[in-house]
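Please look over the chain shown here before reading on.

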Amino acid sequence: SFAAPPLWDEAEPFEEDGITIVKTKQVPVKPISPEEAVLQMNLLGHNFFMFRNTETGEINVVYKRNDGDYGVLEPID
């Protein structure tokens, strides 16, 4: 199971063109499957979860869609 807690790094607020970023969060990206990532996301009560995909080795994000299904964001070059 995924037991590593997220690491919080409070940063100085950043503002540019009306966009304010008030927090930077560093999280562990344990290698897990997309299905396990969805389970972890739901366990934490979040609507997205970043992880290292065991199938591809890439950093991915799973997210809950408005229709109740789930999606995966994968990087491309």
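Two strands count as paired if DSSP finds at least two bridges between them. Helices (H or I, at least four residues) and strands (E, at least two) are DSSP runs, numbered from the N terminus. The model is predicted: local features need pLDDT of at least 70, side-chain atom pairs count only at pLDDT 80 or more, and totals for chains, interfaces and linings use all residues. Residues are numbered from 1 along each chain as its sequence is written, and side-chain values use heavy atoms, with hydrogens and water left out.

**Overall make-up**

- The chain holds one helix and eight strands, in the order β-β-β-β-β-α-β-β-β from the N terminus.
- Of the 77 residues in the chain, 17% are buried (under 20% relative accessible area, with a 1.4 Å probe and protein chains only).
- Among contacts (heavy atoms within 4.5 Å) between residues at least 6 apart in sequence, 13% join residues at least 24 apart.

**The sheet**

- An open sheet with mixed pairing is formed by four strands in the order β5-β6-β7-β8.
- β5 (31-32) and β8 are at the edges with a single partner strand each, so one side of each has no neighbour in the sheet.
- β5 and β6 run parallel and are joined by two bridges; Pro-31 stands opposite Arg-52 in β6.
- β6 pairs with strand β7 (residues 59-64) in the antiparallel sense over five bridges, and Phe-49 has Val-62 in β7 as its bridge partner.
- The hairpin of β6 and β7 has five residues between the strands, and Gly-57 takes a positive phi near 80° there.
- β7 and strand β8 (residues 70-73) are antiparallel over four bridges, with Lys-64 opposite Tyr-70 in β8.
- In the hairpin of β7 and β8, five residues lie between the strands, and Gly-68 has a positive phi near 95°.

**The helix**

- Helix α1 (residues 34-44) lies across β5, β6, β7 and β8 and runs at about 150° to β6.
- For such angles, axes are lines fitted to C-alpha atoms, for helices over the stretch in contact, and angles run from 0 to 180 degrees between N-to-C directions.

**Asn-53**

- Asn-53 lies in strand β6 (residues 48-53) and is buried, with a relative accessible area of 2%.
- The side chain of Asn-53 reaches the backbone nitrogen of Glu-55 at 2.7 Å.
- Not counting residues up to four places away in sequence, Asn-53 touches Ile-32, Pro-34, Glu-58 and Asn-60.

Technical notes
Buried means under 20% relative accessible area, exposed over 50%, partly exposed in between (1.4 Å probe, protein chains only). A polar contact is a pair of N or O atoms within 3.5 Å; within protein, one must be able to donate a hydrogen and the other to accept it, and residues adjacent in sequence count only if both atoms are side-chain atoms.
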